[in-house]
Amino acid sequence: MKPLTHAGHRTAMETRRAAGFSRQKLGYTRLVAEAIEAGGLPINTLSRKPDDEGCALFTATPGVGHWTADCYLMLALKRLDHWPVGNRALVRALQALKGLQERPGPERLDELGEHYRPYRSVATH
């Protein structure tokens, strides 16, 4: 168990470490917070941006990849029609569902995703 501060509370870093954050993930979350504070990641207006722009803003922050950006768009912003072509679980699920011999690439995934429009995020879940 981590030591408690003088007031009997864990520091923010100790709390995150206890929750399973690695040292590297702690660094990345700090970079995200700094990007939000500096205005490079406009979290308050992100909901008004198109998916591709929102993903680009997220992935410009070190340590934030497409998976994180996709999850934020689908879960936090509740986008109903986001199609995360880089999501390996989605790729494998569609491969199995459609009986494809090979994993579909981004272009084929876009074609397959048209069937689920305008609720591709729902289909992804």
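Contact here means heavy atoms within 4.5 Å. The structure is a predicted model, in which local features need pLDDT of at least 70 and side-chain atom pairs count only at pLDDT 80 or more, while totals for chains, interfaces and linings use all residues. Residues are numbered from 1 along each chain as its sequence is written, and side-chain values use heavy atoms, with hydrogens and water left out.

**View 1. Surroundings of Cys55.** Leaving aside residues up to four places away in sequence, Cys55 touches Ala69, Asp70, Leu73 and His82.

**View 2. The largest nonpolar core.** This core, a set of buried Ala, Val, Leu, Ile, Met, Phe, Trp, Tyr and Cys residues joined through side-chain atoms within 4.5 Å, holds 10 residues, including Cys55, Phe58, Ala69 and Leu73. Buried means under 20% relative accessible area, exposed over 50%, and partly exposed in between (1.4 Å probe, protein chains only). Phe58, with a relative accessible area of 5%, is buried.

**View 3. The aromatic pairs.** Rings of Phe, Tyr and Trp (its six-membered ring) pair if their centres lie within 6.5 Å, and planes under 30 degrees apart count as stacked, over 60 as edge-to-face and the rest as tilted. By this rule there are two aromatic pairs. The ring centres of Phe58 and Tyr72 are 4.8 Å apart with the planes at 50°, so this pair is tilted. Tyr72, at 23% relative accessibility, counts as partly exposed. Trp83 and Tyr116 form a stacked pair, with 6.0 Å from centre to centre and 25° between the planes.
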